[in-house]
Amino acid sequence: MSELRQNFATKEWVVIATERARRPEELASRRERKQVASFVATCPFCPGNEKLTPPEVLRVPSAIDVPWHARVIPNKYAALSRDAQPTRTVHRSRRVVNGFGVHDVIIETPDHSQLLALMPESYVAEILHIYKTRYDELTLDPRIALITIFKNHGIDAGTSLEHPHSQMIATPVTSLQVRQRFQQALRCFDDFGACMFCQMLEEELQEQTRIVAVSEHFVALELYASPAPFCTHIYPRRHMASFGDVSAAEINDLARLLRLTLAKLYHGLGDPDFNFTIRSSPTDSVGVKYFHWYLSVIPRLTRVAGFELGSGMFINTVLPEAAAEFLRKVDVKNTAAASTS
Ligand SMILES: [Zn+2]
Ligand SMILES: [Zn+2]
């Protein structure tokens, strides 16, 4: 029988439609896998075309006379501008803030065809360390309220450029969605005297059924009330409200688990389009006891349709426990060896 499950963090209800349930492998992408060249002469993110992008904010390694592994540049078509001032105007029912913000692009590799799921862990770690460096820098700007780190992989995830990259947008306001999650987390803390995410992690680790993989400092799992098939969250095991609190050793460990999770999705579901995002506390709430940052990977296997738009409720056709079991069984090492032979 289908059931309605409630997400503890958002209070949102999800229909887990086991009547319409599909076996996890049925969702695997059947698209013909395109052969991608490692260098594309017209790609602005490929090495040699640095002049086509705005001047870089950060480069790794920093020495200018050696080839780069990764670059951070301002987005040429930025949604917000760092040159504006966030002046707020309120007039009767209307309120507006000038379009101040920072919109970075992180070019993850010089290789046009490389994928995070298949990169060495040390490369993934380098990218996560860049996120942290830029996150820390942006946190210091008192005009910034919220920093959102995200990646779009594939057309269905909204990417416009094939070259592997992720983005970071810092805004002078905090969205209603983030505020509501924060208020919900605070209410839980008041009721139970503990972080609800820490509580959830303890329960999930005891129960095991929704765990995908565990590392020294992080846990990857399917949410009990997962809104979409294979939506996988990675939580730090230590309580931390902000991504800015993560240590260098923890970042290296996160790189290992993130790469493993992406590799399991890649091999298990045939390189699905996906988004990932880091959900961290707004900059004015660093260090709170009631919120816990996490990384959310959302494969784009199904589409949002009329029911979701009309009701705000999602229908998930894969049981989260079945998705976790399926991902646990994807043997990344053997599959990787097989796919390169
Ligand atoms: Zn390229
Ligand atoms: Zn916590």
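Here are legends for a handful of close-up views of this predicted model.

Residues are numbered from 1 along each chain as its sequence is written, and chains are lettered from A and ligands numbered from 1 in the order in which they are written. Local features need pLDDT of at least 70, side-chain atom pairs count only at pLDDT 80 or more, and totals for chains, interfaces and linings use all residues, while side-chain values use heavy atoms, with hydrogens and water left out.

**View 1. Four residues hold the zinc ion (ligand 2).**
Look for Cys 195 (SG), Cys 198 (SG), His 239 (ND1) and His 292 (ND1), which lie 2.1 to 2.3 Å from the zinc ion. Donors here are N, O and S atoms within 2.8 Å of the metal (3.2 Å for Na, K and Ca); water is not among the atoms, so sites may look incomplete. The angles among the four donor atoms run from 106 to 114°, making the site tetrahedral. (Four donors count as tetrahedral if all angles lie between 85 and 135 degrees.) For reference, the ideal angle for four tetrahedral donors is 109.5 degrees. Along the sequence, the donor residues follow the spacing C-x2-C-x40-H-x52-H. Cys 198 sits in helix α3 (residues 196–207) and His 292 in the loop between β13 (274–279) and β14 (294–299), so this pair ties together parts that are 94 residues apart in sequence. Helices (H or I, at least four residues) and strands (E, at least two) are DSSP runs, numbered from the N terminus. Are these two residues buried or exposed? His 292 is buried at 0% relative accessibility, whereas Cys 198 is partly exposed at 26%. (Buried means under 20% relative accessible area, exposed over 50%, partly exposed in between, with a 1.4 Å probe and protein chains only.)

**View 2. Ten strands make an open sheet.**
Their order is β3-β4-β7-β9-β8-β13-β14-β12-β11-β10, with antiparallel pairing. Two strands pair if DSSP finds at least two bridges between them. At the edges are β3 (58–60) and β10 (211–214), each pairing on one side only. From one strand to the next, the twist averages 15°. (Axes are lines fitted to C-alpha atoms, for helices over the stretch in contact, and angles run from 0 to 180 degrees between N-to-C directions.)

**View 3. Strand β8 (residues 146–153) and its partners.**
Seven of the eight residues of β8 are buried, so the rest of the structure largely encloses this strand. Five bridges link β8 to β9 (residues 165–171), running antiparallel, and Leu 146 stands opposite Thr 171 in β9. Another antiparallel partner is β13, also joined to β8 by five bridges; there, Lys 151 stands opposite Phe 276.

**View 4. Helix α3 lies across part of the sheet.**

**View 5. Salt bridges, picked from 19 in the whole structure.**
A salt bridge is a side-chain nitrogen of Lys or Arg within 4 Å of a carboxyl oxygen of Asp or Glu. Glu 204 pairs with Arg 210, their closest N and O atoms being 3.1 Å apart. Glu 204 is buried, with a relative accessible area of 5%, and Arg 210 is buried, also at 5%. Both belong to a network of salt bridges that links Glu 3, Arg 5, Glu 204, Glu 207, Arg 210 and Glu 321.

Note on methods:
Tetrahedral: all angles 85-135°; square planar, octahedral: opposite > 155°, others 65-115°. Contact = heavy atoms within 4.5 Å.
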